[in-house]
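Please examine the structure shown below.

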Amino acid sequence: ELMLSILASFAQEELQSMSNNIKWAIQKRYKQGLPNSKQNLYGYRWHGDELIIVPEEAAIVREIYANYLKEISAEKTAKLLTARGVTGFRGGEFKSQSVRSILLNNTYNGTLQLQKGYVVDPLTKKSKRNKGELPTYLVENHHEAIIPMAVWEAVVEERARRLAEGATSNWSLNTSCFTSNIKCGCCEMNFQRKRRRSVKVPYPYWQCASKNKYGADHCPTQMIRESVLKDISSEILGLAEFDEAVFKTQIDHLEIKIFELTFFFKDGHQEKRHYENKRTPKLKWTDAQKAKQSKLLLEKWQERKAHGKENYNNSGNNQ
């Protein structure tokens, strides 16, 4: 067994040495502007050492970029292409993921980016996308561009704007002024809009994403009816009825804890309100009672969470 362990160590060391030599050779090619592998992609094909445009596919790539700047979503673009019988690179149905991949690939502006990925472990051969762990090499004007640089830069700016706006910039989603603007005061996750259908009169409500996915053990924050949220917002803003435009103009974001709402105004000041989800509660609580109940529920949740973590640590130590 000792001999086998020694031989295995020698073999592993030799494999690691070979891997380092190969990586050194690949890095040298990258520095010379030479790709390590030649993979075809939609719109281009390799012919020897040159990337040649495929005219039919290039027209589709240009259409995808044009649609993006016309504020047509990736999902809708994929549906339009599929309806016309346009297929993906491997002949399958055009998916929205393919549309996004084309929009993110700088190869279409004539640039060849080297070392987009790398092998993490030579033993498992597991590869990983390079997100700054290793240097990347850009070879500008390497091949004929399908997308002009001005169009590419416009798409990059538009993508940055939409990322900053969050879900509200996606026209394929039914969003409101509350979308991405309600934070959980306990776990700092966003609130999500849901619709309760298991009642005689269905109604929309907002609930913490963490609680919605993992349950009450991960977050004690209670859900809030959208109607209650609008009523309190109208009261805060001094409106007879709720107005989304006024809300967007004055409110930066909301924070919700257990039965407690905090409005963060764009001018810097804050206002708090307590809320109830029942329209006709059996017992009308005062704000002081609501605050006391919120504090009690939060303390119970924190105690339960700490107790669960302690049990987990003890079980780990016993093992």
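In what order do the 3 strands of the open sheet stand, and is their pairing parallel or antiparallel? The order is E8-E9-E10, and the pairing is antiparallel. The model is predicted, so local features need pLDDT of at least 70 and side-chain atom pairs pLDDT 80 or more, while totals for chains, interfaces and linings use all residues. Residues are numbered from 1 along each chain as its sequence is written, and side-chain values use heavy atoms, without hydrogens and water.

Strands (E, at least two residues) and helices (H or I, at least four) are DSSP runs numbered from the N terminus; two strands pair if DSSP finds at least two bridges between them.

| Pair | Bridges | Facing residues |
|---|---|---|
| E8 and E9 | 6 bridges | Arg 193 opposite Trp 206 in E9 |
| E9 and E10 | 2 bridges | Trp 206 opposite Ile 224 in E10 |

Strands E8 (191-196) and E10 (224-225) are at the edges with a single partner strand each, so one side of each has no neighbour in the sheet. A hairpin of 6 residues links E8 to E9.

The largest pocket is lined by 48 residues, and Ser 37, Gln 39, Lys 116, Gly 117 and Arg 129 lie nearest its centre. A pocket is an open set of points on a 1 Å grid over the protein atoms alone where a 1.4 Å probe fits, with protein on both sides within 12 Å along at least five of seven lines; lining residues have an atom within 4 Å of a point. Helix H1 gives the largest share of this lining, 8 residues.
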